[in-house]
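Hi everyone, thanks for making time this morning. I'd like to walk you through one model, piece by piece, and please keep the picture open while I talk.

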Amino acid sequence: NIMISSRLARVEESATMKSSKRAKDLMSRGVDVINFTLGEPDFDTPKNIMDKTIEAMKAGETHYSPAVGLPALREAIAEKLRTENKIDTKASNVMVTPGAKQGIFEVMMTLIDEGDEVLLMDPSWVSYDACIQMAGGKTVWVPTDPENKYQPLHDLSKYVTSKTKMIVVNTPCNPTGSVFDKSHLQEIADLANDHNLFVLSDEIYEKIIYDKKHISIASMDGMADRTITINGFSKAYAMTGWRLGYLNAPASVFPSLEKIQSHSISNVTTFVQYGGIEALTGPQDTVLNMQKEFKERRSVLVNGLLKLGLKCAMPDGAFYAYPDVGEFGPGARITDRLLDEAQVAVSPGIAFGESGKNNIRISYATSVDRIKEALIRMEKVFQ
Ligand code: PLP
């Protein structure tokens, strides 16, 4: 009779995992499923990054490194954050983490106490809420505006109480592909400054952006001291399996983050960190090629969905389309029907928050040919 801790008992299994499990199950039985559930680029990690990593491993970089990361990688990240993101920072504020996800978990454990409230946009990526729950916090869902490409609402202050500690910002956004406008980010920055809130800014999809410009909220007035910026190599450099990410945190919280990391993971795999240095300082042409390819896929997919009669905003970033299928049935039901009747696997919008009950999320980390094939198959369901 095992008693699971209440910390974990309150966390639910991810509904995106459930739907991708069903898809994988069918695939393992030989069914030709077009899998649109994945949150990872289908490209290979660039060769220069692999080569430098193998070199480092062969050169004996197989021992412990500092808990916060190799000095040269922290320096390269700080330089990137200063020049590309206009964040006033230095290497001593940068911590290398085993993926952005672990960084988010560590930030919640560091800043959130039992009963603290965290504002989370509805819809949001699945793991923020789980991390808040594990830390003992309370998620306060705040709506976004589907009529305006899922931008944040203007008046967020009505969701703030004396217990509010943090607001989570994710732009470009998973699952909507929304890229927050500067004016909206400024409003969030004002809210954080007025109410003394921390901001967790997850910028993992920063490089997968189409016509807009990415803005880091930590670069705005008064925000460097209250923002923890999260980023990583998974999406920009197709390095999901490497488990390599980083965060930038103000000096007031950095030592606590260092503590949690040194007592849990010790350090990110040492030779993997050399791959990170090469990713940031080496040629960036693969990033541009990937952007071009994603842009083409986005247009084929979204135009196809519109032709099928779905309501779908053109996403400005990330590799997800988030159509409203309410006219045809609830998103969860359409998800099942697409898999059963068309062998197309998607994720139900409800996995990302209550507001998503009429949506499905389609990841276009899949070739143009497969997208075209899926659109033909989907016609059956959306007649
Ligand atoms: N943040 C968001 C919004 C994501 O969608 C994902 C992955 O799906 C992550 C973070 C996790 O990234 P990493 O592989 O660096 O842990």
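A word on what you are looking at. This is a predicted model, in which local features need pLDDT of at least 70 and side-chain atom pairs count only at pLDDT 80 or more, while totals for chains, interfaces and linings use all residues. Residues are numbered from 1 along each chain as its sequence is written.

Let's begin with the overall layout. The domain assignment gives domain 1 as 6-44 + 285-378 and domain 2 as 62-281; such bounds come from an automatic or database domain assignment. Taken over C-alpha atoms, the centres of domain 1 and domain 2 are 24 Å apart. Across the boundary, 33 residues of domain 1 are in contact with 31 residues of domain 2, where contact means that two C-beta atoms, placed from the backbone, lie within 7 Å. On the domain 1 side that touches domain 2, α1 (6-9), α10 and β10 each supply at least two residues. These element names refer to DSSP runs numbered from the N terminus, with helices being H or I of at least four residues and strands E of at least two. The most comes from α10, with 5 residues. By class, that side of domain 1 has 15 nonpolar, 9 polar and 9 charged residues. Here Ala, Val, Leu, Ile, Met, Phe, Trp, Tyr, Cys and Pro count as nonpolar, Asp, Glu, Lys and Arg as charged, and the others, Gly among them, as polar.

From the record, UniProt lists residues 32-375 as "domain: Aminotransferase class I/classII large", in an unreviewed entry. UniProt positions are in the numbering used here, feature names are shortened, and annotations may be inferred rather than shown by experiment. Over residues 32-375 the chain is 37% helix and 16% strand, with the end C-alpha atoms 15 Å apart.

Next, have a look at α9, residues 270-281. Its 12 residues should span 16 Å at 1.5 Å a residue, and the end C-alpha atoms are 17 Å apart, which agrees; the expected span is 1.5 Å times one less than the number of residues. Because 10 of the 12 residues are buried, α9 is largely enclosed by the rest of the structure. Buried means 20 or more other C-beta atoms within 10 Å of a residue's own, exposed means 12 or fewer, and partly exposed is in between, with C-beta atoms placed from the backbone. Among the buried residues are F271, Y274 and L280. Their cover includes α3 (47-58), α4 (71-83) and β2 (94-97).

In the loop between α8 (254-264) and α9 sits I265, which is partly exposed, with 15 other C-beta atoms within 10 Å. I265 and P98 are 167 residues apart in sequence, yet their C-alpha atoms are 8.4 Å apart in space.

The other helix is α6 (126-134). It is mostly covered, with 7 of its 9 residues buried, including V126, C131 and I132. The covering elements include α2 (15-28), α5 (100-111), β3, β4 and β6. Just after α6, G136 takes a positive phi of about 90°.

Lastly, the backbone. Most residues other than glycine have a negative phi, and most peptide bonds are trans. Where are the cis peptide bonds I want to show you? One joins D122 and P123, with omega about 5°, and P123 lies in the loop between β3 (117-122) and α6. Another joins N174 and P175, with omega about 20°, and P175 is in the loop between β6 (164-170) and α7 (182-195).

As for phi, Y150 is not a glycine but has a positive value of about 60°. Y150 lies between β4 (138-145) and β5 (151-152), and counts as buried with 24 C-beta neighbours inside 10 Å. A318, also not a glycine, has a positive phi of about 55°. A318 is in the loop between α10 (285-307) and β10 (320-321), and with 31 C-beta neighbours inside 10 Å counts as buried.
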